[in-house]
Amino acid sequence: MKIKVFPRDLLEAKWSSDKAKFDDPGTPPPNCLRCGKPLNKDFYHNKLCRYIPVTICCACGDDEAVRTYSGKMLPFEQWHAVTHGEIDTGIDPQTAFLTPVCNFKHIFENAKSTSHSGTQHPENLVAYSRSDYNGYRWYTTWFDGPAGRPNSELVKEIDAFQNALFELPEMESLTAMDRLHFFAEPTSETMEYNLYSETEQFHIWLRLIYRQRDYNLRVHYYLK
Ligand SMILES: [Zn+2]
């Protein structure tokens with residue numbers, strides 16, 4: 001299994017094919033992935049996005065600078081290329097996406113059971129992990145959810161997701177993990193973010209906590 005960050009990795013893939021158009025003077029320049037307007041045909045009269053290695057138009061570069069200053073960046077899922085279906089979101093069963101949008105909110109409204117720790121979980125929670133980074137490596141502890149012990153097939157899927165997750169370059173350290181917050185859903189806690197994913201059998205909720213000497217990541221696996 002491979003994990004990609006949505007829509008970052010798809011925007012980067014689109015840009016890597018778009019930028020080849022600058023090599024051919026007879027081809028019109030590609031459109032800015034952020035606003036949809038044509039880029040300047042002189043490559044160097046455009047601007048590099050400050051969050052991902054994608055070139056955007058000057059107007060977008062200026063807008064990004066203003067928004068960065070005020071702390072209100074334009075969410076990547078609102079980029080023109082994403083809202084207009086210009087990025088390839090082809091479904092590949094071996095790829096799971098991390099997204100800032102939860103499309104399984106309903107499970108949190110269903111009946112809840114309380115674990116011995118006093119935390120309430122939806123009844124289809126099979127297992128969850130808590131990981132902390134001690135400055136050198138990650139330590140993970142696993143907990144059963146109210147849905148009971150997963151069978152070997154489900155364990156295989158959980159392991160595949162968890163292994164792919166920790167292979168991401170963002171999981172090399174806590175500072176690297178914090179870069180994911182540009183692509184995550186903010187929460188009421190300033191140093192905590194949500195990401196969501198999906199595999200064949202599971203809805204997955206990830207809570208990222210960018211605080212030293214605390215749990216830094218929780219990953220919850222809900223049976224579909
Ligand atoms: Zn633009």
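## Ground rules

Residue numbers start from 1 along each chain as its sequence is written, and side-chain values use heavy atoms, with hydrogens and water left out. Because this is a predicted model, local features need pLDDT of at least 70 and side-chain atom pairs count only at pLDDT 80 or more, while totals for chains, interfaces and linings use all residues.

## The largest pocket

Let's start with the open spaces. Rolling a probe the size of a water molecule over the atoms shows where empty space is left. On a 1 Å grid over the protein atoms alone, a pocket is an open set of points with protein on both sides within 12 Å along at least five of seven lines, a cavity is a set where a 1.4 Å probe fits but cannot get out, and lining residues have an atom within 4 Å of a point. Grid points are joined across faces, edges and corners, and a volume is the space filled by probe spheres set on the points.

The largest pocket comes out at about 630 Å³. Its lining has 24 residues, and Thr95, Ala96, Phe97, Glu198 and Thr199 are the ones nearest the centre. By class the lining has 10 nonpolar, 8 polar and 6 charged residues, where Ala, Val, Leu, Ile, Met, Phe, Trp, Tyr, Cys and Pro count as nonpolar, Asp, Glu, Lys and Arg as charged, and the others, Gly among them, as polar. Domain 1 (2-90) and domain 2 (106-223) each supply at least three residues of this lining, with the bounds taken from an automatic or database domain assignment.

## The second largest pocket

This one holds about 380 Å³ of space. There are 16 residues in its lining, and Met73, His181, Phe182, Ala184 and Pro186 lie nearest the centre. Helix H2 (58-70) and strand E9 (185-186) are the elements giving two or more residues. The lining splits into 9 nonpolar, 3 polar and 4 charged residues. Both domain 1 and domain 2 give residues to it, so this pocket lies between them.

## The cavity

Around it sit Arg34, Tyr51, Glu64, Arg67, Met73, Leu74, Phe76 and Trp79: 5 nonpolar, no polar and 3 charged.

Asp18 has a relative accessible area of 5%. Neighbours within four places in sequence aside, Asp18 is in contact (heavy atoms within 4.5 Å) with Pro30, Asn31 and Leu33.

## Thr68

Thr68 belongs to helix H2 and is partly exposed, at 31% relative accessible area. Not counting residues up to four places away in sequence, Thr68 touches Arg50 and Tyr51. Tyr193 is 125 residues away along the chain, with 18 Å between its C-alpha atom and that of Thr68.

Technical notes. Helices (H or I, at least four residues) and strands (E, at least two) are DSSP runs, numbered from the N terminus. Buried means under 20% relative accessible area, exposed over 50%, partly exposed in between (1.4 Å probe, protein chains only).
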